[in-house]
Amino acid sequence: MSSTNRVVTPESLLRQEVLDLQAYPVPESAGMVKLDAMENPYLLPQSLREEIARLVADAAINRYPDADAQQLKACIRAVIGLPQNVDILLGNGSDEIIQLLALAVAKPGATLLSVEPSFMMYKMIATFTGLQYVGVPLTENFSLDLPAILAAMQHHRPALVFLSHPNNPTGNLFDAEAIAQIIDAAPGLVVVDEAYYAFANASLIPMLTRHPNLLVMRTFSKLGMAGLRLGFLVGSKAWIAQLEKLRLPYNVNILTQLVAEKLLQHHDLLLRQAEQIKQDRTWLYERLAVIADVQPYVSDANFILFRVIHADKIFKELKKRGVLIKNSSSSHPLLLDCLRVTVGTPQENEQFIRALQESIHQVV
Ligand SMILES: *Cc1c(COP(=O)(O)O)cnc(C)c1O
């Protein structure tokens, strides 16, 4: 009797690690120049948008989608040029795939290892799936500290190693030889997260056949489909077949399947947009490099990390001027006074540079 009228609170019911988490932060951005989330700033040509409208109008949304998304996988295979002996697992964004991998290995005491600073979801997902998390600091110039990583792997025996390549939020690629040594020494799986492959000239997909404990993950979010939520994992048939058991049925909805197939038939268009973004990245880097008190870092992604004095104040001043970027300053000691800006359209980039110059003038 007495127990029935006791109020159940989140604090009394939920796991402590969930109570301790901070929700993934998504700031309000209405009306702002939005350069905080690595989105592709370009819309699609009108004719393609009309084709998409027809596809959506004719979609059988009363039915469940193709559970295996066979046509979509065939499109991905054609576009990426995958080796025959690897398979594809699709996710509702690649975030979902990180979670699926974590759940798959979550035996008591299992460990996920990554480097820091890197993509914050590795740690967050490890935490709420009950994995131990180990973050090995990068060196001062954001490269892999190979001896430290090898030692940490020896000590913690991680089931999963995640490497973002290029790395978010630092923008750099890692040394390929160091990655190969990590794959060879790892006691478990190494997942190389190629979210920014379209802006870099490097991929580990050719290494898949020789390294059975390697998986490569990609997303279409940074290539102009962030709103569709589609990521994928490639690896040996044996691994993918097991991981498929954890994929929730119909995780990729029918509209995403149809629209992504259509867009992949126009992959060249998306790649041209990525080329444009790479050129504008160079412009942006050169502009940042000549501003006193600003130190940009070379990037192989569609964003640039830069150090500036009084980053917190500069971030606020930029916001006052209608420009939203990302404040990374308090996220890791190596990122003290660092801000991260996504490459936008040439016009947005100019607005950002102007607002940054004014902000520095205001603050310094
Ligand atoms: C953006 C990003 C992702 C997540 O992408 P979604 O497919 O949109 O979930 C994964 N990894 C890294 C490194 C990212 O920057």
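1. Here, buried means under 20% relative accessible area, exposed means over 50%, and partly exposed covers what lies in between (1.4 Å probe, protein chains only). With that in hand, Asp 293 counts as partly exposed at 40% relative accessibility. Asp 293 has a positive phi of about 75 degrees, although it is not a glycine. You will find Asp 293 in the loop between α11 (267-289) and β9 (294-296); helices (H or I, at least four residues) and strands (E, at least two) are DSSP runs, numbered from the N terminus.

2. A word on the model before we go on. This is a predicted model, in which local features need pLDDT of at least 70 and side-chain atom pairs count only at pLDDT 80 or more, while totals for chains, interfaces and linings use all residues. Residues are numbered from 1 along each chain as its sequence is written, and side-chain values use heavy atoms, with hydrogens and water left out.

3. Met 38 also deserves a look at its backbone: its phi is positive, at about 55 degrees, although Met 38 is not a glycine. Met 38 sits in the loop between β1 (33-34) and α3. Met 38 is buried, with a relative accessible area of 3%.

4. Please check the loop between β5 (160-164) and α8, where Pro 166 is placed. A cis peptide bond, with omega about 0 degrees, joins His 165 to Pro 166. Pro 169 is found in the loop between β5 and α8 as well, and the bond from Asn 168 to Pro 169 is a cis peptide with omega of about 15 degrees. Helix α8 itself spans residues 176-185 and holds Ala 178, which counts as buried at 7% relative accessibility.

5. Now the rings: Phe, Tyr and Trp (its six-membered ring) pair if their centres lie within 6.5 Å, and planes under 30 degrees apart count as stacked, over 60 as edge-to-face and the rest as tilted. The count comes to seven aromatic pairs. Tyr 64 and Tyr 250 form a stacked one, 4.3 Å centre to centre with 15 degrees between the planes. Tyr 64 lies in the loop between α3 (46-58) and α4 (70-80) and Tyr 250 in the loop between α9 (237-243) and α10 (254-264), so this pair ties together parts that are 186 residues apart in sequence. Tyr 64 is exposed, at 63% relative accessible area, whereas Tyr 250 is partly exposed at 34%. Phe 119, Tyr 122 and Phe 162 form one aromatic cluster.

6. Arg 218 lies over the face of Tyr 197, 3.8 Å from the ring centre. The charged end of Arg 340 sits over the ring of Phe 303, 5.8 Å from its centre.

7. Which residues come nearest to the ligand? Of the 13 residues around the ligand (a heavy atom within 4 Å), they are Asp 193, Tyr 196, Thr 219, Ser 221 and Lys 222. Polar contacts are pairs of N or O atoms within 3.5 Å. A side-chain N or O atom of Tyr 196 is 2.6 Å from a ligand oxygen. For the side chain of Lys 222 the distance to a ligand oxygen is 3.1 Å, and a backbone N or O atom of Asp 95 lies 3.1 Å from an oxygen atom of the ligand. The ligand taken alone exposes 390 Å² (Shrake-Rupley, 1.4 Å probe), and the protein buries 94% of that.

Key:
Lys NZ or Arg CZ within 6 Å of the ring centre and 35° of its normal. Polar contact = N/O pair within 3.5 Å; in protein donor to acceptor, adjacent residues only side chain to side chain.
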